[in-house]
Amino acid sequence: MALKAKHLLFLFIILSIFSSCETEDNDDDNEHTSEEVVRFEREGSSILKGVKVPAGKSIYFASGIVANPKDETKPEGDRERFGNTYEQSVSTLKRIADYLGEEGLGLEDVVAMKVYVAPDPENDNKPDFDGWFKAYAEFFATEENPNKVARSTIGVFTLVNPNMFIEVEVRAVYK
């Protein structure tokens, strides 16, 4: 019985040594955290083909964000409370910038975006993609913020509030 206990103790020691070696190896992998985010350009496009985020970088995930009211004096259900797709898009991007700012980030740190565009009754009940694209172009791939993002723009049947025409999710990387 004592021999069996010695064998188990020996195995425990060996496993402990290997475990500590494994930890040291993992620490070596963290030397790559100083790598920068790589943005893969799509020639002639306002969006990227993709983005590479190096291991060890922290990522901020934002839930779907919608516009603030354009005119709070307008009652719920009134189209002018939030405005058209373009106006909502600008408001939403400003709101995203504010949320990012709370975390020490900015729009230049955004690497990916999912955009949901709902039909606008004043646009033949179709999503106003042009209104969204116009707003996006004012915040990304500009002189102030030359970065582009990996982005999907998706036409949806509706958002929770039928007077909302845009909802945006973002992913940003901490420096």
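At roughly what angle do the axes of helix H2 and helix H3 cross, and within what distance do they come?

## Packing of H2 against H3

The axes of H2 (residues 85-102) and H3 (residues 129-139) cross at roughly 35° and come within 8 Å. Axes here are lines fitted to C-alpha atoms, for helices over the stretch in contact, with angles from 0 to 180 degrees between N-to-C directions. The crossing of H2 past H3 is right-handed, that is, the near helix is turned clockwise from the far one by less than a right angle.

On the H2 side, the contact (heavy atoms within 4.5 Å) involves Thr 85, Tyr 86, Ser 89, Val 90, Leu 93 and Lys 94. H3 contributes Gly 131, Trp 132, Lys 134, Ala 135, Tyr 136, Glu 138 and Phe 139. By class, these residues comprise 7 nonpolar, 3 polar and 3 charged; Ala, Val, Leu, Ile, Met, Phe, Trp, Tyr, Cys and Pro count as nonpolar, Asp, Glu, Lys and Arg as charged, and the others, Gly among them, as polar.

## Model and confidence

This is a predicted model, in which local features need pLDDT of at least 70 and side-chain atom pairs count only at pLDDT 80 or more, while totals for chains, interfaces and linings use all residues. Residues are numbered from 1 along each chain as its sequence is written, and side-chain values use heavy atoms, leaving out hydrogens and water.

The mean pLDDT (the predictor's confidence in each residue, from 0 to 100) of the protein chain is 88, and 81% of its residues reach 70 or more. Over residues 20-32, however, the pLDDT is below 50, and this stretch has 2 contacts beyond near neighbours in sequence.

## Overall organisation

The protein chain holds 3 helices and 8 strands, taken as DSSP runs of H or I (at least four residues) and E (at least two), numbered from the N terminus. Their order along the sequence is α-β-β-β-α-β-β-β-α-β-β. Of contacts between residues at least 6 apart in sequence, 71% join residues at least 24 apart.

## Aromatic pairs

The whole structure contains 3 aromatic pairs, defined by ring centres of Phe, Tyr and Trp (its six-membered ring) within 6.5 Å; planes under 30 degrees apart count as stacked, over 60 as edge-to-face and the rest as tilted. Phe 129 and Phe 133 are stacked because their ring centres lie 6.3 Å apart with planes at 20°.

Tyr 136 and Phe 140 are also stacked, at 5.0 Å centre to centre and 15° between the planes. Both Tyr 136 and Phe 140 are buried (under 20% relative accessible area, with exposed over 50% and partly exposed in between; 1.4 Å probe, protein chains only). Together with Trp 132, they form one aromatic cluster.
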